[in-house]
Amino acid sequence: MNLYPKINLQKLAQIFIVFFKLGPSTFGGGYAMVSAIEREIVEKKNWLTPSEMSDMVSIAGSAPGGVAVNSAAFVGYRLAGVLGAVTAVFAITLPTFFIVFVLSIFGMIFKDVPKVQAALRGVHAAVVALIIVAAFKMGRSSIMDIATLIIAGSCVALLLFTEIHSLVLILAGPLAGILIIQIKRAIGIAAPTEKERQIDKPDLNYPEYYI
């Protein structure tokens, strides 16, 4: 296995441009950026399939660090190895760093201005909408039967109504999935791990991408 593939400057440039554009164009970070990342990586560039995108989000959410940065590292590594991962992470964080730096200065100066406070409340509401849409789109590819629905519903209930740490659920989810698959196969029940691919339909323009 070649651990040091030939450097493809054109591919690295494409990776940098895509993630540099994603960094400042989305608000909320993390799961709020999933829809925008999917639109660029899956629909426009065809770098990943929808199934691979779902797997990537699961891995990125389970690993330490921000989901958006982990996703960038995943895609960059998939396309151009370690150098691609470094390029993607640098590109997605660079514009955001400068934006946050500038906003922090203005925030300290104008933090008590009523219009600024009202604008921030509007951003908070938009971020909630982005996260809900991202969760819905992930659910369509992740929830495929009663078992996965029960796992997802149980995790939501535990997060809302108990003080259990999210790390426990992240570790318990895969274990529950493996156990259910093994039980189904032991008793002769079909246990698919992915949804059947359907004929692609024209996608609607997702409004959250333009927020």
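## A buried glutamate

Glu 40 has a relative accessibility of 1% and counts as buried, where buried means under 20% relative accessible area, exposed over 50%, and partly exposed in between, with a 1.4 Å probe and protein chains only. The model is a predicted one, in which local features need pLDDT of at least 70 and side-chain atom pairs count only at pLDDT 80 or more, while totals for chains, interfaces and linings use all residues. Residues are numbered from 1 along each chain as its sequence is written, and side-chain values use heavy atoms, with hydrogens and water left out.

## Partners of Glu 40

Glu 40 forms a salt bridge with Lys 21, their closest N and O atoms lying 3.3 Å apart; a salt bridge here is a side-chain nitrogen of Lys or Arg within 4 Å of a carboxyl oxygen of Asp or Glu. Because Glu 40 lies in helix H2 (residues 34-44) and Lys 21 in helix H1 (residues 9-25), the pair ties together parts that are 19 residues apart in sequence; helices are DSSP runs (H or I, at least four residues), numbered from the N terminus. Lys 21 is partly exposed at 41% relative accessibility.

Glu 40 also forms a salt bridge with Lys 44, at 3.5 Å between the closest N and O atoms, and these two residues, 4 apart in helix H2, are separated by about one helical turn. Lys 44 is partly exposed at 47%, and Lys 21, Glu 40 and Lys 44 are linked in a network of salt bridges.

## Another pair in helix H2

The structure holds 5 salt bridges, including one between Arg 39 and Glu 43 at 3.8 Å, N to O. Arg 39 is buried, with a relative accessible area of 10%, whereas Glu 43 is partly exposed at 28%.
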